[in-house]
Amino acid sequence: MFTGYSSETLDFLWGIRLNNDRTWFTAHKQAYMQHLYQPTLELGREVYDRFMEKFPKLGLNLHVCRIYRDARRLHGQGPYKDHLWLTIRPENDIWSHQPVFWFEITPEGWSHGVGFWNAAPQTLASMRKDMDENPKRLEKLVRRMNKDGRFQVQGRDYARKKGESTPLLASWYNKKEISVGCERPFDELLYSPELADALVDGFTFLEPCYQYFQSFCKNGLEDLK
């Protein structure tokens, strides 16, 4: 059962950012397991069980990332991540092209939301087509989000705009990467078991947004397998 992160969690996160090498990590691996990985796994299991009890037909699975970076893609970075994330996602080879629910903890704070790791261009094109032909569908979700106030659309825009939409959808239309998230500083909620409640509540609120994103993944994903 998740009981909250600790001050040692924050110490480790800053430590690995400032000392991103094998010698430091090996000396602090037990702290990583006890204060970062294990609490994240417990948090994920609790949130997953409670969320899937509400939405069993989604057919999603829990995944907690590893701290080790892909050695083929270091790009000058150290061998370890200075953050940890979990996802509730489809379990298939093309999950990164489908929407996922996520939670991430970093030295600066934490975030959660729903969106794509790597949306396929045809998925985004289908979404823009829907905004052109049926803007009220997304506008209803955006008004609901704006009224709630916790979540905002996130992600990079295309360098060259794809077009224009209604004023309410202007920040959505030209996204090259797209998600809906909430970012918070490293606050007291991270130290509390109530963090699980906040994630379940947030993911439940975002379930219609997940369904919206997922509706554009039904065509074209076979080409990605």
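**Burial and helix packing in a predicted chain**

Me: In this predicted model, what percentage of the 225 residues of the chain count as buried?
Reply: The model is a predicted one, and a residue is taken as buried when its relative accessible area is under 20%. Applied to the 225 residues of the chain, that cut-off gives a buried share of 50%.

Me: What radius of gyration does the chain have, and what would a compact globule lead one to expect?
Reply: The C-alpha atoms fill a box of roughly 55 × 35 × 30 Å along the principal axes. For 225 residues, a compact globule would have a radius of gyration near 17 Å, and the chain agrees with this at 18 Å.

Me: In what order do the elements of the chain run from the N terminus?
Reply: The secondary structure comes to 7 helices and 6 strands. Read from the N terminus on, these elements run α-α-α-β-β-β-β-α-α-β-α-β-α.

Me: Which elements do the buried residues of α1 pack against?
Reply: Helix α1, residues 7-18, reaches 17 Å from its first C-alpha to its last, close to the 16 Å expected for its 12 residues. Its buried residues are Thr9, Phe12, Leu13, Gly15 and Ile16, and because they fall within an arc of 165 degrees when seen down the axis of α1, they line one face of the helix. Asp11 and Leu18 are exposed on the other side of α1, while the buried residues pack against α2 (22-27), α3 and β3 (99-105).

Me: Which elements do the buried residues of α4 pack against?
Reply: The 13 residues of α4, 121-133, should span 18 Å at 1.5 Å a residue, and the end C-alpha atoms agree with this, being 18 Å apart. Within α4, Thr123, Leu124, Met127, Arg128, Asp130 and Met131 are buried; seen down the axis of α4, these buried residues fall within an arc of 155 degrees, so they line one face of the helix. Pro121 and Glu133 are exposed on the other side of α4, whereas the buried residues pack against β4 (109-116), α5 (135-148), α6 (170-173) and α7 (194-214).

Me: How many disulfides does the count come to?
Reply: A disulfide requires a pair of cysteine sulfur atoms within 2.5 Å. Cys182, buried at 9% relative accessibility, is in no disulfide, since the nearest cysteine sulfur, that of Cys209, is 14 Å away. Cys209 is buried too, with a relative accessible area of 4%, and its sulfur is 12 Å from the closest cysteine sulfur, in Cys217, which is too far for a bond. By this rule the number of disulfides comes to 0.

How values were computed
Residues numbered from 1 in each chain as written. Predicted model: local features only at pLDDT ≥ 70, side-chain atom pairs only at ≥ 80, totals over all residues. Heavy atoms only, no water. Helix = DSSP H or I, 4+ residues; strand = E, 2+ residues; numbered from the N terminus. Expected span 1.5 Å × (residues − 1). Buried < 20%, exposed > 50% of the residue type's maximum accessible area, 1.4 Å probe, protein only. Arc of directions from axis to C-beta. Contact = heavy atoms within 4.5 Å. Rg over C-alpha atoms; globule rule 2.2 N^0.38 Å.
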